[in-house]
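Me: Please take a close look at one part of this structure. Walk me through its ends, its surroundings and the contacts that hold for it.

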Amino acid sequence: MNRSELLTELKKEARYISNEDLSLARAAIMEAVEHVPEPYKTIYSSDYFTFLYENFLRLKGHGEVQIGEELDVQEYTSLLDSIKDKSYSEDRKREALTRFTTLVLAYLVFIVKEPLHPVGMVFPGGMRITQKELHYYCPVKDKQSETNISFCEFCICKDNSEME
């Protein structure tokens, strides 16, 4: 499968995400950060959901382009398995969030090759995702890559320690 074929599949699947699914996904994110202190609660619930939603809209409107570059099928399968493993739930909200984030994360990782968090997003301690020329840097990449709750291993960001 090449990137053009994946884009076509992602766009087709995006048509099945309803407004109700988006509302349920938003509710799942709100529940997930229920006990997180401000300002991070707002950053992770509102700002991050907005980032995901905007990229979902970008995916749906992404023009048909020929991206003949072959997809690393093993990495793509690994991303899908990771999302599934970290998201399993019988809850409708979590299921909607999983379907939604699967599309958006695959789009970010394999089609547009952009970070999984918005540039400028603040992490605890005031550190932010930054961009320097064509490279993105994350202040927590090396700290989160081995946790069971993040998808850092798939993100294009480099760790801040690699900044030139």
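Reply: A residue counts as buried when its relative accessible area is under 20%; over 50% it is exposed, and in between it is partly exposed. The model is a predicted one.

The part to look at is helix α5, residues 92–111. It has 20 residues. From first C-alpha to last it reaches 28 Å, close to the 28 Å expected at 1.5 Å a residue. Of those 20 residues, 15 are buried, so α5 is largely enclosed by the rest of the structure.

Take the ends next. At the start of α5, a side-chain oxygen of D91 comes to within 2.9 Å of the backbone nitrogen of K93. After α5 comes K113, with a positive phi near 50°. K113 also belongs to a salt-bridge network with R3 and E69.

Now the charged contacts. Side chains of opposite charge can pair when their charged atoms come close. The model has seven salt bridges. One of them joins E20 and R92, with the closest N and O atoms 2.6 Å apart. E20 lies in helix α2 (residues 19–32) and R92 in α5, so the pair ties together parts 72 residues apart in sequence. E20 is partly exposed, at 46% relative accessibility.

R99 and D21 also meet in a salt bridge, at 3.3 Å from N to O. R99 is in α5 and D21 in α2, so this pair ties together parts 78 residues apart in sequence. R99 is partly exposed at 32%, whereas D21 is buried at 11%.

K93 pairs with E31, the closest N and O atoms being 2.3 Å apart. This link also runs between distant parts of the chain: K93 is in α5, E31 is in α2, and 62 residues separate them. Both are partly exposed, K93 at 23% and E31 at 42%.

F100 sits in a cluster linked by ring pairs, together with F49, Y53 and F56. The model has six aromatic pairs. Y40 and Y44 form a stacked one, 6.3 Å centre to centre with 25° between the planes. Another stacked pair is F49 and Y53, at 6.5 Å and 10°. These two are four residues apart in helix α3, so about one helical turn separates them. F49 has a relative accessible area of 9%, so it is buried. Y53, at 32%, counts as partly exposed.

Key. Residues numbered from 1 in each chain as written. Predicted model: local features only at pLDDT ≥ 70, side-chain atom pairs only at ≥ 80, totals over all residues. Heavy atoms only, no water. Expected span 1.5 Å × (residues − 1). Buried < 20%, exposed > 50% of the residue type's maximum accessible area, 1.4 Å probe, protein only. Polar contact = N/O pair within 3.5 Å; in protein donor to acceptor, adjacent residues only side chain to side chain. Phe/Tyr/Trp six-rings, centres within 6.5 Å; stacked < 30°, edge-to-face > 60°. Salt bridge = Lys/Arg side-chain N within 4 Å of Asp/Glu carboxyl O.
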